[in-house]
Amino acid sequence: MSKLQHTTLKLNEAQSFIGAFHRHSKPLKRHMFSIGAHNGMLMYGAGFHEQNGYPLGLIGVATVDRCSSAWSKHDGYIELRRLCINPKFSDSHAASFLIGKVKQACFAMGNKIIVTYTRPHESGASLMGAGFSINKWKVEHDGEGNVENGLVRWVCVAGYQPNKDDRDFTRRGLDRFVELGASKGAL
């Protein structure tokens with residue numbers, strides 16, 4: 001595969017892609033901006049859009065907006081709301097590529113903290129590799145001790161590289177989710 005490239009996307013293009021490929025979340029109704037990843041073969045214009053409404057050649061999408069939680073009351077906070085990769089390209093490193101582009105754009109716009117959420121069964125490897133660390137988690141168990149639902153909050157702070165304690169806390173959380181059955185398809 002050729003080197004990944006990025007492009008800005010209109011909301012309707014990001015919505016169409018997310019609607020087609022995201023495993024559990026619906027497309028957003030608004031965004032501040034969305035970034036798409038492609039391998040240099042992106043085609044725009046009349047006759048080049050697939051029936052689904054997103055450009056041909058699009059591999060993945062990242063959508064950014066104001067925080068959806070109580071964090072939204074704070075200036076300088078922004079949320080990576082959706083990260084979605086076409087499953088045909090799951091080994092393309094597009095997730096890491098898009099997270100890097102989101103960080104670059106968000107911090108260039110003066111934001112100080114990027115917040116995002118995953119489910120306990122999602123590894124978070126690309127987030128951890130990009131300098132995010134787990135800030136908080138909440139899991140719900142079924143009657144047999146398996147994780148049946150939950151949310152993991154990740155943060156990335158401008159100019160700060162997670163230290164050993166941050167990385168250890170993140171790893172303990174990820175290990176705990178595996179121990180509780182989150183990675184076994186319980187969600």
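Rings of Phe, Tyr and Trp (its six-membered ring) are taken as a pair if their centres lie within 6.5 Å, with planes under 30 degrees apart counted as stacked, over 60 as edge-to-face and the rest as tilted. The model is a predicted one, in which local features need pLDDT of at least 70, side-chain atom pairs count only at pLDDT 80 or more, and totals for chains, interfaces and linings use all residues. Residues are numbered from 1 along each chain as its sequence is written, and side-chain values use heavy atoms, with hydrogens and water left out.

A search of the whole structure finds two aromatic pairs. One of them joins Phe-17 and Phe-21, whose ring centres are 4.8 Å apart and whose planes meet at 50 degrees, so this pair is tilted. Both residues belong to helix H1 (residues 11-21), where they sit four residues apart, about one turn of the helix. Helices (H or I, at least four residues) and strands (E, at least two) are DSSP runs, numbered from the N terminus. Phe-17 counts as buried, at 0% relative accessibility; buried means under 20% relative accessible area, exposed over 50%, and partly exposed in between (1.4 Å probe, protein chains only). The buried residues in H1 are Glu-13, Ala-14, Phe-17 and Ile-18. Seen down the axis of H1, they fall within an arc of 125 degrees, so they line one face of the helix; the arc is that of the directions from the helix axis to the C-beta atoms.

The rings of Trp-137 and Phe-169 have their centres 4.9 Å apart and their planes at 25 degrees, so they form a stacked pair. Trp-137 lies in strand E6 and Phe-169 in helix H4, so this pair ties together parts that are 32 residues apart in sequence. Trp-137 is partly exposed, with a relative accessible area of 30%, and Phe-169 is also partly exposed, at 28%.

Strand E6 (residues 133-141) also holds Asn-135, which counts as partly exposed at 34% relative accessibility. The side chain of Asn-135 makes a polar contact of 2.7 Å with that of Arg-153. Such a contact is a pair of N or O atoms within 3.5 Å; within protein, one must be able to donate a hydrogen and the other to accept it, and residues adjacent in sequence count only if both atoms are side-chain atoms. A distance of 9.8 Å separates the C-alpha atoms of Asn-135 and Gly-173, which are 38 residues apart along the chain.

Gly-173 leads on to helix H4, where it is buried along with Thr-170, Leu-174 and Phe-177. Seen down the axis of H4, the buried residues fall within an arc of 95 degrees, so they line one face of the helix. On the other side of H4, the exposed residues are Lys-164, Asp-165, Arg-172, Asp-175 and Glu-179. At the start of this helix, a side-chain oxygen of Asn-163 comes to within 3.0 Å of the backbone nitrogen of Asp-165.

Turning to the strands, E3 (residues 56-65) has eight of its 10 residues buried, so it is largely enclosed by the rest of the structure. E3 pairs with strand E4 (residues 77-85) in the antiparallel sense over six bridges, where pairing requires that DSSP finds at least two bridges between two strands. Ala-62 stands opposite Leu-83 in E4. Strand E4 also contains Glu-79, which counts as buried at 4% relative accessibility.
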